[in-house]
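Biologist: Hi! I'm new to this one, could you walk me through it?
Modeller: Happy to, let me bring it up.

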Amino acid sequence: RKAELAVWVDKPSLAKDGHRIELAANIGKLDDVQKALDNGAEGIGLFRTEFLYMGRQELPSEEEQFQSYKYVLEKMAGKPVVIRTLDIGGDKELPYMDLPKESNPFLGQRALRLCLERDDLFRTQLRALLRASQYGNLKIMFPMIAVRDELFEAKRILKEEKQLLIEAGVAVSESIEIGMMIEIPSAAISADLFAPHVDFFSIGTNDLIQYTMAADRMNETVSYLYQPSHPSILRLIRLVIEAARQEGKWVGLCGEMAGDLASVPLLLGLGLHEFSMSAGSLLQTRELIAGLNYAQWQEHAKQALTLGSQQEVQAFVQEIQKGEN
Ligand code: PEP
Ligand code: MG
């Protein structure tokens with residue numbers, strides 16, 4: 001099977017009718033970059049930078065972060081690299097930071113919320129990113145945004161740090177795209193309010209599903225509610241893609257759903273531009289997409305949105321795929 005899949009490593013990601021999408025990898029550690037390339041990644045769709053902060057005794061310095069970002073950008077040699085700013089909190093803790101205990105960490109001061117509060121930490125990361133930007137094709141992404149002011153504030157701080165670096169004579173790329181994750185229902189529902197102010201969206205279904213269903217993504221007893229193919233989730237994804245399309249922006253998806261073979265046909269049909277997943281899922285996804293007709297799946301996706309449950313959606317998709325083989 002491995003040898004069979006290897007033929008897809010250097011191929012572009014094309015549907016049967018020639019529609020092109022991008023297949024990118026999610027990474028956490030620096031070692032993951034080589035694995036992404038070995039598996040034919042056309043970019044990095046999500047660099048979870050919190051892993052640079054975890055499993056150690058103190059915050060990583062600006063220099064250390066700069067070296068890590070530079071390494072990834074250079075290694076990807078001009079291919080797009082989406083680096084997400086720190087997403088700590090929720091299930092990811094930093095013992096050395098001594099953050100207050102919260103009774104609902106997933107609904108608490110997580111990710112960008114913490115970064116806007118502790119902007120010393122945020123600014124350090126942004127400076128490291130800006131300095132690294134000249135070594136490749138960097139895109140900066142903000143996690144866990146619920147309302148537009150959070151985006152505005154993050155962008156304002158980024159702009160300030162950029163200005164300071166330029167005044168200090170540091171080279172900073174002029175073509176860094178700025179995007180945000182869509183992983184909170186309010187952001188998905190009002191994606192049209194955000195779209196004019198970003199270059200791209202990346203849908204984080206791991207959290208979007210948990211928050212939409214009010215079902216903790218770590219809690220086995222409610223995992224039956226964790227339904228990627230539920231019409232409510234598909235409709236949110238459609239809303240986001242539609243809002244982006246209106247503004248000519250691109251949309252990726254970097255939750256587990258992107259590499260789930262049962263979900264990929266509908267995501268393709270909904271018009272997703274970039275699928276980002278763990279490296280091990282890339283080649284089988286490329287192979288699957290090569291057998292799908294985009295124009296037809298656009299129609300199928302429209303129909304799927306009218307169905308009554310995840311079971312109905314899954315049965316519908318399976319039925320079509322059976323017919324195609
Ligand atoms: C997500 O929420 O889908 C996502 C990609 O982010 P994380 O899994 O790191 O929360
Ligand atoms: Mg998330």
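Biologist: Is Asp207 buried or exposed?
Modeller: Asp207 counts as buried, because it has 23 C-beta neighbours inside 10 Å and the cut-off for buried is 20 or more. Keep in mind that this is a predicted model.
Biologist: Where does Asp207 sit?
Modeller: Asp207 is in helix H10.
Biologist: And which residues does the UniProt "binding site" annotation cover?
Modeller: According to the unreviewed UniProt entry, that annotation covers Glu183 and Asp207. They are spread over 25 residues of sequence, yet they cluster in space, with a largest C-alpha distance of 5.3 Å.
Biologist: OK, what about Glu183, where is its place?
Modeller: Glu183 lies in the loop between strand S5 (177-182) and helix H8 (185-189). Glu183 is buried too, since 26 other C-beta atoms lie within 10 Å. Leaving out residues up to four places away in sequence, Glu183 touches Pro143, Met144, Gly204, Asp207 and Leu208.
Biologist: Now the ligand. Which residues are around ligand 1?
Modeller: Among them are Leu46, Arg48, Asp87, Glu183, Asp207 and Cys254. Strand S2 (44-48) and helix H10 (205-213) are the elements that give two or more residues to that shell, and H10 gives the most, with 3.
Biologist: How do the shell residues divide into nonpolar, polar and charged?
Modeller: The shell around ligand 1 has 2 nonpolar, 4 polar and 4 charged residues.
Biologist: Switching topic: how many residues does helix H11 have?
Modeller: Helix H11 (residues 231-246) has 16 residues and reaches 22 Å from its first C-alpha to its last. Its buried residues include Ile233, Leu234 and Arg238. After H11 comes Gly248, with a positive phi near 70 degrees.

Technical notes: Residues numbered from 1 in each chain as written. Chains lettered and ligands numbered in written order. Predicted model: local features only at pLDDT ≥ 70, side-chain atom pairs only at ≥ 80, totals over all residues. Near = placed C-beta within 6 Å. Helix = DSSP H or I, 4+ residues; strand = E, 2+ residues; numbered from the N terminus. Nonpolar A, V, L, I, M, F, W, Y, C, P; charged D, E, K, R; others polar. Expected span 1.5 Å × (residues − 1). Buried ≥ 20, exposed ≤ 12 C-beta atoms within 10 Å, placed from the backbone. UniProt positions renumbered as here; feature names shortened; annotations may be inferred. Contact = placed C-beta atoms within 7 Å.
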